[in-house]
Amino acid sequence: MADPAPVAPPSTALRNFQRMLAAGKDGALLRFGLGNEYLKCGDVEAAVTHLRRAVALDPDYSAAWRLLGKALSASRRDDEALTVWNEGIAAAQRKGDKQAMREMQVFVRRLAKQRPQE
C-alpha cells in the first residue's frame, strides 16, 4: 500500500474550529466544519471522527453524510462509504434534500461500478 498523503499544516479555520470545540461549543455544524477542514489538510482519520460525530448529533444532516462517505472512500474504506452514503440518501429523503440525495446516489453507482464483481 502506498504511503498516505502528507498532512498539511492546520488552516486558520481549523485552528478556530478547534478553539471553539475546546471552549465547550459542540454541534453538528462545528463537527462538519472540523471534518471538512481536516479532510482538506489530508488528515482523513480526524475528518472521519468529526464527521461521524456530526451525523450522530444530527442524523438528518445530509451534507455531513455525503462528506463522511467521501472521506471513507478517499481512505479506500469502500464498504463503509457505501453504507454511509446509503444512510445519507435516506437522511436526504427524510429532509427533502434532493440534490444531496442525487449526488450520493451517483457516488454509490460509481463505487459499485469500480468494485470487482463477486
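What share of the contacts in the protein between residues at least 6 apart in sequence join residues at least 24 apart? The figure is 47%, where a contact means heavy atoms within 4.5 Å. This is a predicted model, so to speak of local features takes a pLDDT of at least 70, side-chain atom pairs count only at pLDDT 80 or more, and totals for chains, interfaces and linings use all residues. Residues are numbered from 1 along each chain as its sequence is written, and side-chain values use heavy atoms, with hydrogens and water left out.

**The overall picture**

- You're looking at six helices and zero strands, with helices (H or I, at least four residues) and strands (E, at least two) taken as DSSP runs and numbered from the N terminus.
- Going along the sequence, the pattern reads α-α-α-α-α-α.
- Of the 118 residues in the protein, 37% are buried; buried means under 20% relative accessible area, exposed means over 50%, and partly exposed is in between (1.4 Å probe, protein chains only).
- Accessible areas come from the Shrake-Rupley method with a 1.4 Å probe, and for residues only the protein chains shown count as cover.

- Glu37 sits in helix 2, which covers residues 28–40.
- Is Glu37 buried or exposed? Glu37 counts as buried because its relative accessible area is 11%.
- Setting aside neighbours within four places in sequence, Glu37 touches Ser11, Ala13, Leu14 and Phe17.
- The side chain of Glu37 also meets that of Lys40 in a salt bridge, at 3.2 Å from N to O. The term salt bridge means a side-chain nitrogen of Lys or Arg within 4 Å of a carboxyl oxygen of Asp or Glu.
- Both residues of this pair belong to helix 2, three residues apart, or about one turn of the helix.
- Lys40, for its part, is exposed, with a relative accessible area of 59%.

**Salt bridges between helices**

- By the salt-bridge rule, the count comes to seven.
- Glu80 pairs up with Arg52 in one of them, and their closest N and O atoms are 2.8 Å apart.
- That pair links distant parts of the chain, with Glu80 in helix 5 (residues 78–95) and Arg52 in helix 3 (residues 44–57), 28 residues apart.
- Glu80 is partly exposed at 32% relative accessibility, and Arg52 is partly exposed at 34%.
- Glu80 and Arg52 also belong to a network of salt bridges that includes Glu45 and Arg77.
- Another salt bridge joins Arg66 and Glu103, with 3.1 Å between the closest N and O atoms.
- Arg66 lies in helix 4 (residues 62–74) and Glu103 in helix 6 (residues 98–114), so this pair ties together parts that are 37 residues apart in sequence.
- Arg66 counts as partly exposed at 22% relative accessibility, as does Glu103 at 25%.

- Which residues form a positive surface patch? They are Lys70, Arg109, Arg110 and Lys113.
- Patches are made of residues with over 30% relative accessible area and no salt bridge, with like charges joined within 9 Å and nonpolar side chains (Val, Leu, Ile, Met, Phe, Trp, Tyr) within 5 Å.
- Lys and Arg count as positive and Asp and Glu as negative, while His and the chain ends are not counted. The place of a charge is taken as NZ of Lys, CZ of Arg, CG of Asp or CD of Glu.
- Helix 6 gives the largest share of the positive patch, three residues, and Arg109 is found in helix 6.
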